[in-house]
Amino acid sequence: MSSNKNKRDYYEVLGIDKSASDADIKRAFRKLAMKWHPDKNKAPEAQEKFKEINEAYMVLSDGDKRAKYDRFGFNGLDFGEGGFSGGGFSSFSDIMDMFFGGMGGMGGFGGRQSGGRRRRQVHGEDIETTVSIDFMEAVFGVKKEIEYSRYEPCGTCDGKGGKNVQKCTTCNGSGQETRTTRSLLGLMQQVVTCSRCNGSGEIVKTPCKVCKGRKVVSKKNKTSIDIPAGVDNDMHLKVQGHGQIPTKDAIPGDLYIRIRVKKDGRFNREGSDLFSDVNISFIEAIKGCETTIETVDGPKKIKIPAGTQPETTMRLRNKGIPDLNTRGKTRGNHFINIKITIPKYSDLSKDQKHLIDNYEKSI
């Protein structure tokens, strides 16, 4: 059983916050994996570094494992002999398959079977975009049209990259090649992404003039989304199947929409509850009064009882933000903080000062 004492926090390993979305996690892992995978990085520490990165990703990209880790830390995870028993990426081509269908970089969108090696179905990469909405739209929900760009198979070459497409002779169409290196332990073989075809298994002799042989082009897309009542700033909405499409037969990635909610000067929000202030005079506080306040449902009259003290809080039940967990069936509360305006004695008229002085003497 391996010790957890020297393990770094998984979020720290990937350089992300605990509020990171699935897209954030995948993007962070891809960046670090491209840098530290031993197939690409020959530094002595690369292997251990990538092992740590791989382990962090396998936990945080899995909803159940991430929930256990967030609650119990390393004690909530299953560590087998010699390390984490959660699978992972053994070769650099596995990572390329995950993000680009077995091809590295922008030139590597693909995923066809060639050379007798069966490729798993390609999954397109996720996309993240941002939409800004008004405070009241966040309270009651809104329908928005989102415009974004994604990569899709080139229509001119039908996603083939051009004409005269031939099997790569370096890797025999497999997308991988074996390199032999000499070390202190003798000859060592390593399977890496083919350097000639960049993992596609194909060589395009006559590149398409539109996509320049990359097989994909960037296209603008529009989609309408229903933003539910009760969303908060920095929340993410997932639209399945609206991400990158690297090949014609690929499974499209997903679109993640980060919500930016504009502030409303009338209200402060904490979860599903709202907070606002109302100002009354000290005479109204003494005698009690009726005043009108702003709520998300519109103006509302409230009664302030006689003898109300400064900073008194009144609660309006079910006048807050709809609760996302109940799909808006319940709402939070609206808390009113009473601010009492007390004039300066020096600003009072002679008669007013006389009244105050007489009141002081009577108590």
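Two strands pair if DSSP finds at least two bridges between them, and strands (E, at least two residues), like helices (H or I, at least four), are DSSP runs numbered from the N terminus. The views below show a predicted model, in which local features need pLDDT of at least 70 and side-chain atom pairs count only at pLDDT 80 or more, while totals for chains, interfaces and linings use all residues. Residues are numbered from 1 along each chain as its sequence is written, and side-chain values use heavy atoms, with hydrogens and water left out.

**View 1. The pairing of β13 with β17 in an open sheet.** Strands β13 (residues 273-281) and β17 (residues 334-341) run parallel and are joined by eight bridges; Ser276 has Ile336 in β17 as its bridge partner. The sheet is open and holds four strands in the order β12-β13-β17-β16, with mixed pairing. Because β12 (268-270) and β16 (313-316) stand at the edges with a single partner strand each, one side of each is left without a neighbour in the sheet. On average, neighbouring strands of this sheet are turned by 30 degrees against each other, direction ignored, where the axes are lines fitted to C-alpha atoms.

**View 2. The two ends of helix α4.** At the start of α4 (residues 63-72), a side-chain oxygen of Asp62 comes to within 3.0 Å of the backbone nitrogen of Asp64. After the helix comes Gly73, with a positive phi near 70 degrees.

View 3. The side chains of Asp226 and Lys143 meet in one of them (3.3 Å, N to O); since Asp226 lies in strand β9 (residues 216-227) and Lys143 in strand β4 (residues 142-153), the pair ties together parts that are 83 residues apart in sequence. Both Asp226 and Lys143 are exposed, which stands for over 50% relative accessible area, with buried under 20% and partly exposed in between (1.4 Å probe, protein chains only). Lys144 forms a salt bridge with Glu137 (3.6 Å, N to O), and Lys144 counts as partly exposed at 22% relative accessibility.

View 4. Glu294, in strand β14 (residues 289-295), and Arg266, in the loop between β11 (255-261) and β12, tie together parts that are 28 residues apart in sequence through a salt bridge of 3.3 Å, N to O. Glu294 is partly exposed, with a relative accessible area of 38%, and Arg266 is partly exposed at 37%. Elsewhere, a network of salt bridges links Asp24, Arg27, Glu128, Asp234, Arg258 and Arg260.

Terms used: A polar contact is a pair of N or O atoms within 3.5 Å; within protein, one must be able to donate a hydrogen and the other to accept it, and residues adjacent in sequence count only if both atoms are side-chain atoms. Axes are lines fitted to C-alpha atoms, for helices over the stretch in contact, and angles run from 0 to 180 degrees between N-to-C directions. A salt bridge is a side-chain nitrogen of Lys or Arg within 4 Å of a carboxyl oxygen of Asp or Glu.
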